[in-house]
Amino acid sequence: MNLLTAGLPSTAIPLFAGLLDAPVGVAHYLVVGAILFTSGVVCMALKRNALGVLMGIELVLNGANVNFVAFSSPYLRGEGSASLGLDGQLIALFVILLAAAEAAVALAITLNFYNNHATVDIDQADDLKG
Amino acid sequence: MDLASQLPMLLGLAWLAPLVSFVAILFFGPRMGHHGKNAAWVATAAIVTSLGLSLAAFGIWLTAHPVTAVSHDSHGAAVDGHAADSHDANEHESHGNEANADHGDHADHSGQHAAVVPAAYSGDWYTLYQGGSLRLSIGWYIDALTVMMFVVVTFIATCIHVYASGYMHDELHDVTDHEVHLSDGGHLHRPGRFPRFFQALSLFCFSMLGILIAGNLAMVFIFWELVGICSWFLIGFYFERKSASTAANKAFIVNRVGDFGMLIGLMALWGALGTLHFADSPAAGAGGQTAPGLFSLVRPAESGHALQVPDGMVKFANASGVSQIALDNASRPGDGANEIASRIRDWRSEGYGRWLLFIAGVGIFCGCVGKSAQFPLFVWLPDAMEGPTPVSALVHSATMVAAGVYLVGRFYPVLTPDVLLVIAVIGGITLFIAATIALVANDIKRVLAYSTVSQLGYMMLALGVGGWSAGLFHLVTHAFFKSLLFLCSGSVIHACHTNDMRKMGGLARVMPWTAGTMLVGCLAIIGAGIPFVIGLSGYYSKDAILAQALSYSQANPSWSILFYAVAGGAFLTAFYMFRLWFMTFAGAPRDHHIADHAHESPNVMVVPLVALSVLAIVAGWTLPGGFGLANLLEQARPAGTAATMSDSFLFGNLTVPAEHLSHEGAIHVTATLTAFTTAAAGVLLAAMMYLWRIISPEMVASVFRPIYSFLANRWYFDELYNAIFVRPVFAVASLASGTDRGVIDRLIDGIAWSARQLAGFDAWIDRNLVDGLVNATATATWNAGLELKKLQTGRLRQYVMFIVIGTVALFVLASMLFRAALAG
């Protein structure tokens with residue numbers, strides 16, 4: 001039992017047990033991505049400041065990017081593939097691009113919201129509630 | 001163009017001109033000048049056009065058929081041209097075995113020389129319906145009578161149009177009718193109706209000319225009804241007045257009674273003979289043959305135009321015999337037809353079809369009784385005087401009421417001696433009753449109205465006793481002097497603003513022209529003249545009637561009362577006409593207020609009076625060389641009616657003497673002297689009572705109180721008809737209305753009530769069950785929506801939590817569900 005596997009159901013232990021011993025592979029990247037993703041979600045759920053929520057979104061997106069890149073690793077690809085093996089990286093670039101655009105729109109919304117309500121507390125932003 | 005195509009064209013255009021005026025005024029009347037002032041010009045222009053065309057036709061007629069002095073010999077010319085020559089030989093043969101040939105021969109032989117030119121033209125403009133031998137069409141039948149009547153009617157109508165354009169000037173601005181009392185105590189105030197008057201007058205002229213030109217009885221009937229409706233329009237011109245609208249309805253309804261009889265007559269002819277055309281129609285029958293008209297069916301040329309029951313009526317009356325023969329010869333239809341044809345002569349001598357011919361004649365006469373105001377349907381005419389005076393003059397004295405006499409004259413060849421006797425008796429009764437009522441009437445127009453009824457009785461009687469030309473001669477002369485008298489009375493009423501003769505008197509000084517022309521009219525109607533030398537128009541026509549009545553009563557001694565009716569009527573006529581004239585114009589004014597305000601009428605009214613009075617004087621004259629109305633009429637004499645007719649059927653043995661016999665010495669002298677004596681006695685008596693005041697009228701009235709009140713109440717005819725017809729009709733009507741309200745309405749109300757109850761129950765189910773279900777569904781949906789709404793909190797972080805929890809939950813679920821799979 002190690003730190004990593006503590007608290008997990010006993011059936012899950014074999015899944016993680018080998019990670020610390022094995023050389024760095026895809027699984028490790030996936031773990032990093034998952035940590036990033038979870039941090040982002042927690043950030044989105046807990047922060048009341050709109051900018052904090054946006055940061056959480058960036059974290060989630062980056063967690064996803066790590067996964068894309070990890071899955072495009074040569075270890076996971078079969079031999080003889082005709083592709084360049086850069087699919088994951090390309091999609092990650094695309095996501096970064098989208099994230100930039102999304103951040104611009106989201107910041108614009110936030111700015112407008114601030115103009116109207118003099119605050120960026122998203123708990124105040126319940127005008128569209130049912 | 002020959003005569004046969006010129007005459008229909010000229011008279012047809014003369015007939016249609018007033019129709020054009022009617023349509024124009026109907027659509028554009030109110031826009032014709034100020035308050036439609038120019039409508040009078042339009043209508044007058046139309047009728048003047050008609051007069052011009054009629055005169056042109058008259059001129060053409062006279063050129064082709066010169067009027068000669070030997071009048072009654074030319075009757076053979078009335079045969080339709082296409083048959084004129086072919087039957088001459090037959091006439092000679094048939095005369096030998098005719099009972100009445102002794103009088104007819106003389107006339108017939110000389111008639112054959114004149115029979116070269118046809119004296120009647122007939123044809124069809126337009127066929128409305130043709131099925132088998134039945135044919136309805138708009139056509140013409142033109143003979144001397146038609147042409148003459150066209151001239152008379154259009155001339156009088158022209159005079160009256162001119163007169164009316166002056167008389168009706170009150171209608172050119174808003175009118176306050178002082179005879180209509182409104183519920184608020186005021187008088188009716190209404191816009192003037194000047195164009196409307198001339199519109200109706202034009203329609204009337206069109207309809208009247210339509211009757212004159214009609215080539216068949218169906219067309220006569222159409223225009224017969226049209227003049228009826230025009231009369232209704234014109235009597236009811238002041239329709240806001242209760243009396244006027246009642247009089248209009250009375251005239252119309254009473255005429256319907258007569259027209260019902262006319263319809264029966266039409267059906268008898270149509271059903272039995274299959275034609276209503278007067279004259280033969282070439283190439284209209286089966287296989288392009290000549291379709292015989294009524295005249296040649298009833299008076300076939302083969303038998304010298306002697307009256308006989310037509311084959312069609314014999315077969316119709318003996319339908320059982322015909323069908324028996326047809327059944328016996330069912331296998332050989334040709335033989336059956338031949339046998340029927342051969343037995344018709346026997347059947348005819350057995351009397352089959354005589355009733356049918358009698359009913360046809362009496363039926364047609366019934367229509368004439370209504371239109372010409374004969375007993376017992378004369379009650380409408382005096383009331384018709386509610387209309388404006390020009391209408392009384394044109395419609396209700398000179399032309400429309402004469403249409404009945406005209407139709408009897410036109411239909412004359414078909415009438416049997418029995419029908420003629422009915423006509424004569426009705427005419428006699430009418431002339432006597434009307435004349436007695438006129439003796440005591442005080443309303444100037446009513447005196448003239450009863451005088452009209454009485455004179456129409458004269459005409460009918462004349463026709464009935466065989467005086468074909470005497471009756472129609474009197475029709476023409478009467479048209480002139482009676483319209484003159486009415487226009488004079490209109491002039492008097494215009495000046496005095498009252499109809500009551502008791503308030504007049506001494507008007508001759510202020511209205512010399514009216515007084516003079518009315519004197520001419522009175523002298524004409526009583527038949528004044530120097531015996532055997534010269535006289536006014538009435539002198540000739542009345543003498544002819546008296547002579548014919550005398551001739552008839554000599555031939556049928558049991559009916560000599562007809563002659564006494566005529567002679568007595570002449571006396572009464574003279575009395576009441578001069579009573580009217582003396583009361584109105586002579587002596588001292590009875591009411592100074594009226595006399596001071598009276599004035600002579602404007603020229604536009606006086607000129608027609610003078611024109612008509614000239615004609616009232618000269619219309620009866622026969623110029624040297626034989627030109628005159630009486631001789632002109634002889635040209636139109638229906639074929640075969642110049643001969644003496646004998647028959648015995650319903651009323652014993654009747655002899656209708658030939659008319660030319662009445663021109664002979666003894667009869668003529670007696671008749672003329674009787675006429676002169678009775679008329680002079682009447683005038684003398686009137687002068688003694690109303691001019692010289694030797695006999696006091698009041699004293700006479702009080703001595704003969706019962707008779708006086710009987711006459712003053714018009715023989716209680718209105719009361720009688722009220723009791724016999726009007727009240728029972730009202731009783732039946734109220735019974736029917738009671739049944740309607742009490743039974744039928746109750747039933748319907750009950751059904752409606754049940755339907756309403758049922759509908760109420762349905763409505764309850766709909767509201768509570770159906771609507772409840774639908775509403776419950778809607779409410780549930782609404783509430784669900786309200787609940788779900790609460791989920792939408794608008795808190796972003798909460799949403800994220802939901803997403804996370806949901807995702808985790810999905811993973812947990814998936815891992816639990818697929819544990820086995822994951823475990824390997």
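This note describes chain B of a predicted model and the side of chain B that touches chain A.

1. Make-up of the chain. Chain B holds 32 helices and 8 strands. Its radius of gyration is 38 Å, whereas the globule rule gives 28 Å for 824 residues; chain B is therefore more spread out than a compact globule.

2. Extent. Taken along the principal axes, the box filled by the C-alpha atoms of chain B is roughly 155 × 90 × 55 Å.

3. Burial and contacts within the chain. Although chain B is more spread out than a compact globule, 51% of its 824 residues count as buried. Among the contacts in chain B with a separation of 6 or more, 79% are between residues 24 or more positions apart.

4. Domains. The domain assignment divides out three stretches of chain B: domain 1 covers 319-352, domain 2 covers 713-788 and domain 3 covers 793-824. Between the C-alpha centres of domain 2 and domain 3 of chain B there are 71 Å.

5. Contact with chain A. On chain B, 13 residues are in contact with 13 residues of chain A. The element that gives the most to this side of chain B is helix H31, residues 796-817, with 5 residues. By type, the residues on the side of chain B that touches chain A are 6 nonpolar, 4 charged and 3 polar.

6. Where to look. For the domain layout, the stretches to find are 713-788 and 793-824 of chain B, whose C-alpha centres lie 71 Å apart.

How values were computed. Residues are numbered from 1 along each chain as its sequence is written. Chains are lettered from A and ligands numbered from 1 in the order in which they are written. This is a predicted model: local features need pLDDT of at least 70, side-chain atom pairs count only at pLDDT 80 or more; totals for chains, interfaces and linings use all residues. Two residues are in contact if their C-beta atoms, placed from the backbone, lie within 7 Å. Helices (H or I, at least four residues) and strands (E, at least two) are DSSP runs, numbered from the N terminus. Ala, Val, Leu, Ile, Met, Phe, Trp, Tyr, Cys and Pro count as nonpolar, Asp, Glu, Lys and Arg as charged, and the others, Gly among them, as polar. Domain bounds come from an automatic or database domain assignment. The radius of gyration is taken over C-alpha atoms; the globule rule is 2.2 Å times the number of residues to the power 0.38. A residue is buried if 20 or more other C-beta atoms lie within 10 Å of its own, exposed if 12 or fewer, and partly exposed in between; C-beta atoms are placed from the backbone.
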